[in-house]
Amino acid sequence: MNIKNASFINSKTLNILFLFFPVAYLLGNAILNINILLIGIIGIIVFRKKIFSFKNERLSAVILIFFILILFSTLIDISKDPKNDHFFKSISYFRYFFLFLISSCLVRSGKFKIKYFLVSCLVCLLFLSLDVTYQFLNGSDIFGFVDHSPNHLAGFLKNEYVAGGYIQKFFVFALILIPIIWKKLDKQKFLISTVLPIIFFSGILFSGNRMPLVMFCVSILLMIILIKELRLSLAIASLFCVLIFTISIKMNDNLRISYVSFYSNSSDMIVNMKKVISKKYPELEKMREKKYFLFRDDVAREYMKSKKFGSRYELLNYGSGHAVIYLTAIDVWIDNPIIGNGIKSFRIKCLTKLHLPNRVCESHPHNYYLELLNDTGLLGALLLVCAIFYLITNKFFNFKYYEKNEKLLFICLLIIIIAEFFPLKSSGSFFSTTNSSFIFLILGMLNGLKKIKE
């Protein structure tokens, strides 16, 4: 049988795989990677030469250069440090480039079934949001799982405390389903568009994921400004969300303490970093070779407290740990500013900074921009940021020519990108499976928006 002519290898199969993407995202990295692999294989067979036609696709060529730079910077670091074992990771990372290309081709071909994808997002979000809310109120989720963490809940995700982040990433997709399906909103549909944001907000709030809650609020504000069909319902929903937040933090001590500390740490972070970022410690260079590997916050705190020179140097309040992680990331980047140190290198390079006050090791810098600077240097960070900026502006100038669904999808993707790449946002690793798959999926979808009204 000729695989190119196999009946199951077509755009319908691709749509099923994209429809399954929000589900796979919930099921973990293994399932998500299998889904991405299948999208890559079937997408290459379906679109064949169209995928690799960069003649009129400057953006795809720039994105390809970004991926090549990741490989190149990793190889350079391997030549300096034989212990670097990230070569395979830099090769396998190209799967996200194919995800970008295939999602672009599917949307551009007009065969992307956007409604089915949005329905999939809605179902997953409702299930997770209601489960987390039920767990907060009942003490266990609908499957009977009891979470003993005082600050976080994850519902059926158990000990993976990413429920709030998942809801924040996908909820805009779910909300634009309403104006896409219904041209006019009656009372019943208006009620649905008001209740859904409240459910999603509650899920994020009770999950204990604080930064996703901030990004949720930013996204809702942008939707109120940009989507007139949802303006009134979202404004009303926002008032209820403020009420729920106020009542919740007054009645729940853990929530109140968590958000008070979040506000305190966030407001003081930049000021505290400015105090120590420019300080040099030449007298401590002799301690540079001492190796420490600290991942847990409590261990890191004890390490900082136990430094014998603590009385001689100003030590920042550890708090959430982000300030000292960011300081360490800046130091590591300065050592190799142009092309960086290769993919997922921060966890190793940070060891060379632990002889300094207010420095600590972590698996990643907890900020997209700092991680891009560390791993791909200024060159890689500028390549990706400029590519995204070009993509947004290019589509914006064609906005008036899009049909209604394409306009709504553009606004949706624009809001998601703004929230995802918000400069001051703390985040998971850019190069993780979940974040990279989501980022290059939305960039691919945005790049494919070329269905112009005749």
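In which helix is Ser 202 found? Ser 202 is found in helix H8, residues 187-207. The model is predicted, so local features need pLDDT of at least 70 and side-chain atom pairs count only at pLDDT 80 or more, while totals for chains, interfaces and linings use all residues. Residues are numbered from 1 along each chain as its sequence is written, and side-chain values use heavy atoms, with hydrogens and water left out.

**Overall make-up**

- The protein has 17 helices and 0 strands; helices (H or I, at least four residues) and strands (E, at least two) are DSSP runs, numbered from the N terminus.
- Of the 454 residues in the protein, 52% are buried, where buried means under 20% relative accessible area, exposed over 50%, and partly exposed in between (1.4 Å probe, protein chains only).
- Among contacts with a separation of 6 or more, 76% are between residues 24 or more positions apart; contact means heavy atoms within 4.5 Å.

**Helices H16 and H17**

- Two packed helices are described by the angle between their axes and the distance between the axes.
- The axes of H16 (residues 404-420) and H17 (residues 433-447) come within 10 Å and cross at roughly 145 degrees; axes are lines fitted to C-alpha atoms, for helices over the stretch in contact, and angles run from 0 to 180 degrees between N-to-C directions.
- The crossing of H16 and H17 is left-handed, meaning that the near helix is turned anticlockwise from the far one by less than a right angle, clockwise being right-handed.
- H16 contributes Leu 409, Phe 410, Leu 413, Ile 416, Ile 417 and Glu 420 to the contact, and H17 contributes Asn 435, Phe 438, Ile 439, Ile 442, Leu 443, Met 445 and Leu 446.
- By class, this contact has 11 nonpolar, 1 polar and 1 charged residues; Ala, Val, Leu, Ile, Met, Phe, Trp, Tyr, Cys and Pro count as nonpolar, Asp, Glu, Lys and Arg as charged, and the others, Gly among them, as polar.

**Helix H3**

- H3 (residues 58-80) has 23 residues and reaches 33 Å from its first C-alpha to its last, close to the expected 33 Å; the expected span is 1.5 Å times one less than the number of residues.
- Its buried residues are Leu 59, Ser 60, Ile 63, Phe 66, Phe 67, Leu 69, Ile 70, Leu 71, Ser 73, Thr 74 and Asp 77.
- The cover over these buried residues includes H4 (87-92), H5 (95-108), H14 (346-349), H15 (368-397) and H17.

- Ser 202 counts as buried because its relative accessibility is 8%.
- Not counting residues up to four places away in sequence, Ser 202 touches Thr 133 and Ile 244.
- Ser 238 lies in H10 (residues 231-251) and counts as partly exposed, at 23% relative accessibility.
- Leaving aside neighbours within four places in sequence, Ser 238 is in contact with Ile 220 and Ile 224.
- The side chain of Ser 238 reaches the backbone oxygen of Leu 234 at 2.7 Å.
- Ser 238 and Cys 217 are 21 residues apart in sequence and 8.5 Å apart in space, C-alpha to C-alpha.

- Lys 158, in the loop between H6 (114-138) and H7 (163-181), has a positive phi near 60 degrees.
- With a relative accessible area of 48%, Lys 158 is partly exposed.
- His 366, in the loop between H14 and H15, has a positive phi of about 65 degrees.
- His 366 counts as buried because its relative accessibility is 19%.

Key. Polar contact = N/O pair within 3.5 Å; in protein donor to acceptor, adjacent residues only side chain to side chain.
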